Amino acid sequence: MTPEIRKEIINYRCQKALKLLDEVELLIANALCNSAVNRMYYSCFHAVSALLIKNNIDVHSHKGMRQLFGLHFVKSGIVRIEDARIFARIYDKRQASDYDDFMEFSIEEVNELYPQVRKFVGQIVCLIRRV
């Protein structure tokens, strides 16, 4: 991958992460809670994948992404563990909302998660643009 293509992919994924946050607001406004959880996870996913690409870290699975993010950015202290916990939480919640029978998130749960996800994605995008 050329440096130009890498930069384009990183920018695209950052923009996608931010756009998904806007979609979450619409989903919350319409009480589509499980869909909001799904979109929150994918916002985090695209932001973290952009960060890994920026740092030439190859990943091939969702689990691998979480592990490598933890190893390279949380364990090293670049991202505080308190800030990074939401990525693991929203992953687990997305899994439950997508695959567990009768799993329905409440608007209160989603309203609690959304600011944390927004903060996390913002931090990751800032980290990408700063380095």
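Q: Where is the place of Leu18?
A: Leu18 sits in helix 1, residues 3–29. A helix here is a DSSP run (H or I) of at least four residues, a strand is an E run of at least two, and both are numbered from the N terminus. This is a predicted model in which local features need pLDDT of at least 70 and side-chain atom pairs count only at pLDDT 80 or more, while totals for chains, interfaces and linings use all residues. Residues are numbered from 1 along each chain as its sequence is written, and side-chain values use heavy atoms, with hydrogens and water left out.

Q: Why does Leu18 count as partly exposed?
A: Buried means under 20% relative accessible area, exposed means over 50%, and partly exposed is in between (1.4 Å probe, protein chains only). Leu18 has 27% relative accessibility, so it counts as partly exposed.

Q: What does Leu18 touch, not counting residues up to four places away in sequence?
A: Val121, Val125 and Arg129. A contact means heavy atoms within 4.5 Å. As for His46, 28 residues apart from Leu18 along the chain, the two C-alpha atoms are separated by 9.1 Å.

Q: What makes up the secondary structure of the protein chain?
A: Five helices and zero strands. Read along the sequence, that gives the pattern α-α-α-α-α.

Q: How do you know that the radius of gyration of the protein chain agrees with a compact globule?
A: The radius is taken over C-alpha atoms, and the globule rule is 2.2 Å times the number of residues to the power 0.38. For 131 residues, a compact globule would come out near 14 Å; the protein chain has 15 Å, which agrees. Its C-alpha atoms fill a box of roughly 45 × 25 × 25 Å along the principal axes.

Q: Why is the span of helix 5 said to agree with what it should be?
A: The expected span is 1.5 Å times one less than the number of residues. Helix 5 (residues 107–130) has 24 residues and should span 34 Å; its end C-alpha atoms are 34 Å apart, so the two agree.

Q: What covers the buried residues of helix 5?
A: The cover includes helix 1, helix 2 (33–54), helix 3 (62–74) and helix 4 (81–99). Among those buried residues are Val121 and Val125, both of which also touch Leu18.

Q: What makes helix 2 largely enclosed by the rest of the structure?
A: Of its 22 residues, 19 are buried, so helix 2 is largely enclosed. From first C-alpha to last, helix 2 reaches 32 Å, close to the 32 Å expected.

Q: Why does Arg94 count as buried?
A: Its relative accessibility is 4%, so Arg94 counts as buried. Arg94 is found in helix 4, and it touches Val37, Asn38, Tyr41, Tyr42, His62 and Tyr99, leaving out residues up to four places away in sequence.

Q: Why is Asn56 called exposed?
A: Asn56 has a relative accessible area of 54%, so it is exposed. Its place is in the loop between helix 2 and helix 3.

Q: Is Phe102 buried or exposed, and why?
A: At 82% relative accessibility, Phe102 counts as exposed. Phe102 lies in the loop between helix 4 and helix 5. Phe102 is not a glycine, yet it has a positive phi of about 65 degrees.
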